[in-house]
Amino acid sequence: MMDETEFWELIDGSREAAEGDPEEQADLLVERLLGCDPEVVLDFARHFESRYNRAYRWDLWGAAWVLLDGASDDAFDFFRCWLIGQGREVFEGALHDPDSLAELLDDFDEEVDGDAEDLGYAADEAYEQLTGTVAPDLGIPAAPAEPEGTPVDFEDDRALALRYPKLWDRFRD
């Protein structure tokens with residue numbers, strides 16, 4: 001079994017070793033998961049997926065929109081993977097108050113940051129390499145069909161600036 005602390009330790013260790021590069025972090029995560037039992041890899045996948053689903057919220061999508069200067073469905077999916085990859089403090093802080101990302105993020109390079117699609121596949125890749133089969137259904141609740149919370153009008157810069165004042169000041173002004 002992998003508990004929540006071990007999950008975050010794997011995330012943090014891989015991010016630090018990759019010096020914040022999301023693609024490198026995904027590769028390191030696969031390597032580290034290959035040293036685990038397949039059941040532990042599935043536990044990791046459950047932890048990842050449940051956080052990924054928890055982050056499917058309008059207020060977080062709005063924050064991603066400001067940070068990335070626009071965020072399609074796919075871009076928001078990859079942003080949520082990236083957010084998990086930033087570790088527990090940043091992830092939980094962003095869920096508590098998306099605008100706090102302005103303070104939680106040291107550096108943010110639009111070319112590299114905010115997109116970690118590969119992180120979302122790390123557990124599947126490791127499981128497949130370990131077992132030669134595709135990972136089974138994780139047995140956790142499916143993501144909601146629509147983001148949680150109140151929809152955000154992404155085209156209204158004034159509303160975005162009011163809703164995310166710290167992010168707007170740091171990344172859009």
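These are my notebook entries on what I looked up in this predicted model.

**Ground rules**

I number residues from 1 along each chain as its sequence is written, and my side-chain values use heavy atoms, with hydrogens and water left out.

**Entry 1: helix H1**

I began with Ser14, which sits in helix H1, residues 4–17; helices here are DSSP runs of H or I with at least four residues, strands are runs of E with at least two, and both are numbered from the N terminus. Is Ser14 buried or exposed? I noted it as buried, because its relative accessible area is 0%, where buried means under 20%, exposed over 50% and partly exposed in between, using a 1.4 Å probe and protein chains only. A polar atom of the Ser14 side chain lies 2.9 Å from the backbone oxygen of Leu10. Leaving out residues up to four places away in sequence, I found Ser14 touching Gln25, Leu28, Leu29 and Arg32, a contact being heavy atoms within 4.5 Å.

I then turned to Arg15, also placed in H1, and recorded it as buried because its relative accessibility is 16%. Its side chain makes a polar contact of 3.1 Å with the side chain of Asp12; a polar contact is a pair of N or O atoms within 3.5 Å, of which, within protein, one must be able to donate a hydrogen and the other to accept it, and residues adjacent in sequence count only if both atoms are side-chain atoms. Beyond four places in sequence, Arg15 touches Gly20, Gln25, Gly85, Gln86 and Gly87.

With neighbours within four places in sequence set aside, Ala17 is in contact with Leu28 and Arg32.

**Entry 2: the largest pocket**

Which residues lie nearest the centre of the largest pocket? I listed Arg15, Gln86, Val90, Leu104 and Asp106, out of 15 lining residues. The volume is about 330 Å³, taken as the space filled by probe spheres set on grid points that are joined across faces, edges and corners. On a 1 Å grid over the protein atoms alone, a pocket is an open set of points with protein on both sides within 12 Å along at least five of seven lines, where a 1.4 Å probe fits, and lining residues have an atom within 4 Å of a point.

H1 and helix H6 (88–96) each supply at least two residues of the lining, and H6 gives the most, with three. By class I noted four nonpolar, three polar and eight charged residues; Asp, Glu, Lys and Arg count as charged, Ala, Val, Leu, Ile, Met, Phe, Trp, Tyr, Cys and Pro as nonpolar, and the others, Gly among them, as polar.

**Entry 3: the largest nonpolar core**

This core has 56 residues, and those with the most contacts inside it are Phe44, Leu67, Phe79, Leu83, Leu101 and Leu167. Its largest share, nine residues, comes from helix H4, residues 58–68. A nonpolar core is a set of buried Ala, Val, Leu, Ile, Met, Phe, Trp, Tyr and Cys residues joined through side-chain atoms within 4.5 Å. I followed Leu67 and, apart from neighbours within four places in sequence, found it in contact with Phe79, Leu101, Leu105, Phe108, Glu110, Leu167 and Phe171.

**Entry 4: loops**

Glu19 lies in the loop between H1 and helix H2 (22–33), and its phi is near 50°, a positive value in a residue other than glycine. I marked Glu19 as exposed because its relative accessible area is 75%. Asp69, in the loop between H4 and helix H5 (73–85), has a positive phi of about 60° although it is not a glycine, and Asp69 is exposed, with a relative accessible area of 52%.

Last, I looked at Ala142, found in the loop between helix H8 (122–131) and helix H9 (157–163), and counted it as exposed at 70% relative accessibility.

Notes. This is a predicted model: local features need pLDDT of at least 70, side-chain atom pairs count only at pLDDT 80 or more; totals for chains, interfaces and linings use all residues.
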